[in-house]
Amino acid sequence: MTLITGAAGYIGSHVAKQLLEQDKDIVVVDNLSTGFQSTIDTLQKIKKFDFVKLDLKEFDKVAELFETYEIDTIMHFAAFSQVGESMQNPMKYYMNNTVNTTNLVKCASSYGVKKFIFSSTAATYGEPTLNDAQQTITEEFDTKPINPYGQSKLMSEQVIKDEAKVKKDFKYCIFRYFNVAGADIHYEGEKLAPRVGESHDPETHLIPLVVKTALQKREAITIFGEDYNTHDGTCIRDYIHVDDLADAHIKAIEYLDKNQSDTFNCGYGHGYSVKEIIKSVKETTKHEFKVIKGDRREGDPSILVSDNGKIIQKMKWKPKYNNLELIVKSAYEWEKKL
Ligand SMILES: NC(=O)c1ccc[n+]([C@@H]2O[C@H](COP(=O)([O-])OP(=O)(O)OC[C@H]3O[C@@H](n4cnc5c(N)ncnc54)[C@H](O)[C@@H]3O)[C@@H](O)[C@H]2O)c1
């Protein structure tokens with residue numbers, strides 16, 4: 001059975017959805033701090049599973065889970081992930097992301113869990129140095145996080161790797177996500193009708209923010225800096241559809257049966273600028289809205305795009321939704337439902 005932490009949240013719910021659709025047995029743990037009971041209820045309609053409302057900081061209760069359930073795989077999404085907040089309140093991040101992950105790894109290892117699949121982030125790379133010859137980030141790049149969020153994840157990666165060095169039957173797959181976007185590709189008849197999607201408070205991710213602006217839930221969208229060294233002066237990011245990312249997690253389960261532990265970037269290997277995203281949202285939603293010029297923000301690298309050759313070659317991962325219009329459309333249909 002697979003234990004999923006954080007499945008009431010954005011990415012975890014998409015992975016849970018895919019596992020349930022494949023009739024797999026899961027148990028979900030979430031404290032609903034940033035996730036939603038309604039997401040759990042939606043997932044229960046696909047296939048019934050046990051939901052344990054629990055905070056991972058309750059170490060005794062976490063250990064009890066391993067007494068109750070035969071867990072062979074853990075997919076660990078539960079974490080806080082607001083970069084700005086992590087700079088204001090680093091302890092919140094080190095406690096939830098690093099300390100609670102350390103305890104989960106300790107339990108997993110002592111109860112004989114075989115596979116640990118971990119949500120890491122491109123924020124572990126910090127502000128990578130790129131040049132004309134090297135415009136994408138490989139897993140070999142130096143990891144130099146520039147905020148406590150990225151650091152809390154990098155420290156968790158190290159904990160997982162160190163334990164795997166001494167416990168030979170404990171394998172891990174670390175995924176460093178680039179910018180995750182879009183919502184459940186699910187159709188009702190001809191109509192795209194996502195059952196789960198992205199909902200953060202406050203929302204800091206560009207695509208949901210622009211989509212909210214298109215729906216007049218916000219007055220305007222601000223572009224932070226138009227003088228970056230990119231083709232249109234705005235920052236470039238690699239947006240990966242959440243269902244493709246979820247699929248990589250499912251692939252990782254079988255991958256670890258036959259292969260060694262490893263770390264993979266998750267992205268499409270090409271990026272879009274802030275202005276291109278805004279244009280795509282305007283075209284897809286057919287709504288006009290106000291765009292404001294703002295100053296650069298500290299710690300925003302001009303380009304963050306993955307080199308995804310490793311996951312494609314080694315894991316045979318084949319993205320299906322590498323299509324900005326579909327990413328935006330699914331985010332828009334989800335946002336309309338909220
Ligand atoms: N969204 C992105 O673009 C992105 C990018 C890189 C990495 N990540 C990582 O992916 C993971 C999932 O991100 P998300 O966007 O789905 O976030 P999310 O906030 O939507 O989901 C996180 C879930 O974890 C739960 N949770 C948090 N702390 C908990 C605790 N102590 N005990 C139990 N449950 C707890 C929350 O209630 C929530 O349901 C996180 O680890 C995040 O750092 C996300």
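The exercises below, each with a worked solution, concern a predicted model.

**Exercise 1. Strand β5 and its partners**

Is strand β5 (residues 115-121) enclosed or open to the outside, and which strands pair with β5?

Solution. Step one is to count buried residues. A residue is buried when its relative accessible area is under 20%. Seven of the seven residues of β5 are buried, so this strand is largely enclosed by the rest of the structure.

Step two is to sort the side chains by direction. In a regular strand the side chains alternate between the two faces of the sheet. In β5, Lys-115, Ile-117, Ser-119 and Thr-121 point one way. Phe-116, Phe-118 and Ser-120 point the other way. The residues of both groups are buried.

Step three is to list the partners. Strand β4 (residues 73-76) pairs with β5 over four bridges, in the parallel sense. Within this pair, His-76 has Phe-118 of β5 as its bridge partner. β6 also pairs with β5 in the parallel sense, over seven bridges. Here Lys-115 stands opposite Lys-171 of β6.

Five bridges connect strand β6 (residues 171-177) with β13, and the two run parallel.

**Exercise 2. The three-stranded sheet**

Describe the open sheet of three strands: what are its order and its pairing?

Solution. The order is β14-β11-β16, and the pairing is mixed. The edge strands are β14 (272-273) and β16 (303-304); each has a single partner strand, so one side of each lacks a neighbour in the sheet. Now take one of the pairs: strand β11 (residues 236-237) and β16 run parallel and are joined by two bridges. In that pair, Arg-237 is bridged to Leu-304 of β16.

**Exercise 3. Cysteines**

Solution. A disulfide is a covalent bond between the sulfur atoms of two cysteines. The cut-off used here is a sulfur pair within 2.5 Å. The cysteine sulfur closest to that of Cys-173 belongs to Cys-266 and is 7.7 Å away, which is too far for a bond. Over the whole model, the count is zero disulfides. As for burial, Cys-173 has a relative accessible area of 0% and is therefore buried. Cys-107 is buried as well, at 6%.

**Exercise 4. A nonpolar patch**

Which residues make the nonpolar surface patch, and which helix gives the largest share?

Solution. The patch is made by Phe-59, Met-91, Met-95 and Val-99, and covers about 350 Å². Helix α5 (residues 90-110) provides the largest share, with three residues. Phe-59 belongs to helix α3 (residues 59-68). Its relative accessibility is 32%, so Phe-59 counts as partly exposed.

**Exercise 5. Backbone exceptions**

Solution. The cis bond joins Asp-201 and Pro-202, with omega about 0°. Pro-202 sits in the loop between β9 (191-192) and α7 (206-214).

Then take the two lysines. Lys-286 has a phi of about 60° and lies in the loop between α9 (274-285) and β15 (290-294). With 70% relative accessibility, Lys-286 is exposed. For Lys-316, phi is near 55°. Lys-316 is placed in the loop between α10 (309-315) and α11 (324-337). At 56% relative accessibility, Lys-316 is exposed.

Technical notes: Residues are numbered from 1 along each chain as its sequence is written. This is a predicted model: local features need pLDDT of at least 70, side-chain atom pairs count only at pLDDT 80 or more; totals for chains, interfaces and linings use all residues. Side-chain values use heavy atoms; hydrogens and water are left out. Buried means under 20% relative accessible area, exposed over 50%, partly exposed in between (1.4 Å probe, protein chains only). Patches are made of residues with over 30% relative accessible area and no salt bridge: like charges are joined within 9 Å, nonpolar side chains (Val, Leu, Ile, Met, Phe, Trp, Tyr) within 5 Å. Accessible areas come from the Shrake-Rupley method with a 1.4 Å probe; for residues, only the protein chains shown count as cover. A salt bridge is a side-chain nitrogen of Lys or Arg within 4 Å of a carboxyl oxygen of Asp or Glu. Two strands pair if DSSP finds at least two bridges between them.
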